[in-house]
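Reader: I would like to go through this model term by term. Please set each value against its definition before drawing a conclusion.

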Amino acid sequence: MRFLFVLAFFIISSVSKLTAQQYTARVLDEKSREAIPFATIQYAAHKGVITNEEGRFAFTAKLKEGDTIKISSLGYEALETSAAHFKDSVIFLTPQSIRLSDVFLSNKNLSGEEILERVKNNISINYDLNLNQKRFFFRESQINKIRQFDLKVEESTIPELNQELMNKVTSSIPRVTDSYKEVLGDFYGNYDTQKIQLIKAANLNNPQNLADLEELSGKLENIFQQNIKSNSFLKIKSGLVGVKVDAEEFAEEMKDEKPDDEKSAEELQKERLQKQKDLGTFADSRIERLLQNMFWKEDITLDFFEKSRKYRFKHEGYAQMEDAVVYIISFEPKRGADFKGKLYVNTLDFGVYRLEYRNVKPLKKFRLFGISTVEDVYRGLMIFSKDELGKYQLKYLEQEQGESFGIERPLKVIEKNKFVKGRRKQNELDLDIKIHSGQISKYQMLVYENQPLTTKDFETLKPTTDFEYETFKTYNAGFWDGYDIIEPNAAIKAFTALEEQLN
C-alpha cells in the first residue's frame with residue numbers, strides 16, 4: 001500500500017507542470033537597511049500580498065520560471081524579478097528621486113487645497129463604487145495594559161481580608177495581555193452594502209481566568225462564606241453611590257465558572273459552535289464598519305475630507321507610487337480639528353493612492369466620581385491600487401483605536417443583619433481602589449482577487465455560517481499554509497495564552 005501511494009505521488013507530480021510553492025522574504029531599504037512596511041508584492045493579475053510592519057511577507061502560488069513578481073512601495077523604484085530568481089530571503093528596494101519634469105507643468109503650482117478639491121470632484125470617476133467580489137484577509141489585534149492596580153485596605157473586621165491578601169490579588173493580575181482574531185473569506189458588495197462568506201478563521205485566545213486568580217477567588221469565596229451570616233445583606237458603597245445586595249446572591253456571583261475538564265463533550269461542543277458564530281458575526285460587523293469609514297464618506301470620525309475648512313493643507317513634494325508620480329499633501333488642524341496626516345495623490349487623475357492619519361488630541365473624555373475614560377488613539381492607513389480599467393481598488397486598510405481607563409474611588413462593603421441581636425452592622429471592609437489601564441484595538445484588512453459582481457448574483461447570495469474554525473492558545477504557524485495573508489509580526493508569532501504560561 002505504501003509503495004502504491006509513493007508511486008501515485010510521483011505520477012501526479014510528473015503530470016502536473018506547476019507545483020504550489022511558498023515564497024517568503026523581507027523587504028528592506030537598500031541604503032538604510034530598514035524594513036519597508038506595506039510594500040506590494042504582486043505575483044499574478046489581481047493577486048498579491050503586502051508586507052507587514054516588519055517588512056515581511058509570504059504567499060503560496062504555482063508559478064512558472066518565466067512568471068514575474070513585482071515588488072513596489074511608495075518612494076522606491078519598483079523591482080521585477082522572475083520566479084526562477086526569487087530565492088533571496090531579503091529583497092532590497094532603491095529609493096527613487098523624483099524629477100519635476102515627470103510632473104505636468106500645468107499641475108505643478110497647484111496648492112494643497114486646490115489638489116484636494118480636484119480629489120473630491122473625481123471620487124466617483126476614480127474609485128470603483130460598483131458591486132464586486134473580493135477575497136480578503138482580516139486580523140484584529142487586542143492589546144491590554146494595566147499601568148496601575150492597587151487595592152489598599154483602610155479597615156477590615158475580617159482578619160483574613162487584609163493587605164497581604166489584596167497584594168496577592170493585584171500581583172496576580174497580568175499587566176499585559178494580547179489576543180488575536182484572523183479571518184479569511186470572500187467579500188461581496190461595495191463600500192455601502194456588503195455580504196460576507198467566511199472560509200477559515202482562527203482565534204488566538206488569551207483567557208482571563210488564570211490559575212492563581214482562580215485560587216485567590218476561591219479563597220475569597222471561602223472567607224465570605226465563613227464570615228457572612230445567614231439572612232445578611234451587603235451594602236456596597238463607593239463615594240456617594242450605594243447598592244444593596246443579598247449575601248446569598250453575592251456568594252453565588254463569587255462562584256467560578258465550571259472548568260473545561262468538568263464539562264461534558266456536548267457542553268464543550270456547544271461553546272465552540274457559539275464562539276464560531278460570534279466570530280463570524282464580529283467579522284461581518286467590523287468589516288462593515290471599516291468600509292463605512294472610507295475617507296470620502298460623510299458623518300465619519302475622520303472628518304478632514306468632509307470638513308476640509310477646519311484643516312490646513314500643504315503641498316510638500318512628490319513621490320513615486322506604482323507607475324505614477326504623486327503629490328505629497330500633508331494636513332493638520334487649523335480650527336480645533338482632530339487629525340493630521342498625509343495624502344499621496346496621482347498628479348494625472350487626482351486619485352488618492354494612500355492616506356495616513358492620526359489624532360492630535362483625545363477624541364472623547366469622561367470623568368465623574370473618580371471614574372475616567374479617554375479615547376486617546378485613532379490612527380490608520382488606507383492604500384489603493386489601480387486596476388486594468390484605471391479604477392482605484394482598496395488594497396489594504398488598517399485602523400487603530402485606543403482608550404485609557406481610570407478609577408480612583410473608595411469602596412466599602414458592609415454586612416448588615418437585622419435578625420442578629422445587638423448592632424445590625426456585622427462586618428466591614430474599606431478599600432481604596434486605584435486602577436489605570438489602556439487598550440489598543442488594531443484592525444487590518446488585505447483585499448485581493450477582485451472580480452465584478454452582478455446585482456442579481458449579489459441579491460441571491462446567502463451569507464454562510466459553515467467555515468473552518470480553530471481556537472489556539474499558542475501560535476500555529478501552519479494554520480494558514482496555502483493562503484495569502486498578512487504575515488504575522490513577532491508579537492503574534494510569540495503568542496502564548498497566559499494560562500499556558502502558568503501550567
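**Hairpins, sheets, helices and cores**

Author: In the hairpin of β18 and β19, five residues lie between the strands, and Gly 390 takes a positive phi near 85°. The model is a predicted one, in which local features need pLDDT of at least 70 and side-chain atom pairs count only at pLDDT 80 or more, while totals for chains, interfaces and linings use all residues. Residues are numbered from 1 along each chain as its sequence is written, and side-chain values use heavy atoms, with hydrogens and water left out.

Reader: What makes β18 and β19 a pair of strands?

Author: Strands are DSSP runs of E with at least two residues, helices are runs of H or I with at least four, and both are numbered from the N terminus. Two strands pair if DSSP finds at least two bridges between them. β18 and β19 (residues 392-416) have 15 bridges in the antiparallel sense, so by the definition they pair. Leu 381 stands opposite Glu 398 in β19.

Reader: Which other strands pair with β18, and over how many bridges?

Author: β16 pairs with β18 (residues 371-386) in the antiparallel sense over five bridges, and Arg 358 stands opposite Arg 379 in β18. Strand β17 (residues 364-368) also pairs with β18 in the antiparallel sense over five bridges; here Lys 364 stands opposite Glu 375. β17 and β18 form a hairpin with two residues between them, and Phe 369 in the turn has a positive phi of about 55°.

Reader: Why is Arg 354 called buried?

Author: Buried means under 20% relative accessible area, exposed means over 50%, and partly exposed is in between (1.4 Å probe, protein chains only). Arg 354 has 10% relative accessibility, so it counts as buried. Arg 354 is found in strand β16. Its contacts (heavy atoms within 4.5 Å) include Phe 38, Leu 74, Met 321 and Tyr 344, with residues up to four places away in sequence not counted.

Reader: What makes the pair of Arg 354 and Glu 356 a polar contact?

Author: A polar contact is a pair of N or O atoms within 3.5 Å; within protein, one must be able to donate a hydrogen and the other to accept it, and residues adjacent in sequence count only if both atoms are side-chain atoms. The side chains of Arg 354 and Glu 356 make such a contact at 2.9 Å.

Reader: How do you know that the buried residues of α4 line one face?

Author: The buried residues of helix α4 (residues 163-172) are Leu 165, Met 166, Val 169, Thr 170 and Ser 172. Seen down the axis of α4, they fall within an arc of 165°, so they line one face of the helix. The arc is that of the directions from the helix axis to the C-beta atoms. On the other side of α4, Glu 164 and Ser 171 are exposed. At the N-terminal end, Asn 162 caps α4, with a side-chain oxygen 3.3 Å from the backbone nitrogen of Glu 164.

Reader: What puts the buried residues of α2 on the same side?

Author: In helix α2 (residues 112-121), Gly 112, Ile 115, Leu 116 and Val 119 are buried. They cover an arc of only 100° around the axis, which puts them on the same side of α2. What covers them includes α3 (123-126), β13 (311-321) and β14.

Reader: What makes a set of residues a nonpolar core, and how many residues has the largest one here?

Author: A nonpolar core is a set of buried Ala, Val, Leu, Ile, Met, Phe, Trp, Tyr and Cys residues joined through side-chain atoms within 4.5 Å. The largest has 98 residues, of which Phe 59, Phe 295, Phe 304 and Phe 384 touch the most other members. Its largest share, seven residues, comes from strand β14 (residues 324-333). Apart from it lies another core, of 19 residues, among them Val 153 and Ile 433.

Reader: Why are β3 and β6 called edge strands?

Author: An open sheet of four strands has the order β3-β2-β5-β6, with antiparallel pairing. β3 (47-50) and β6 (79-82) each have a single partner strand, so one side of each is left without a neighbour in the sheet. Inside the order, strand β2 (residues 40-44) and strand β5 (residues 68-72) pair over three bridges, and Gln 42 stands opposite Lys 70.
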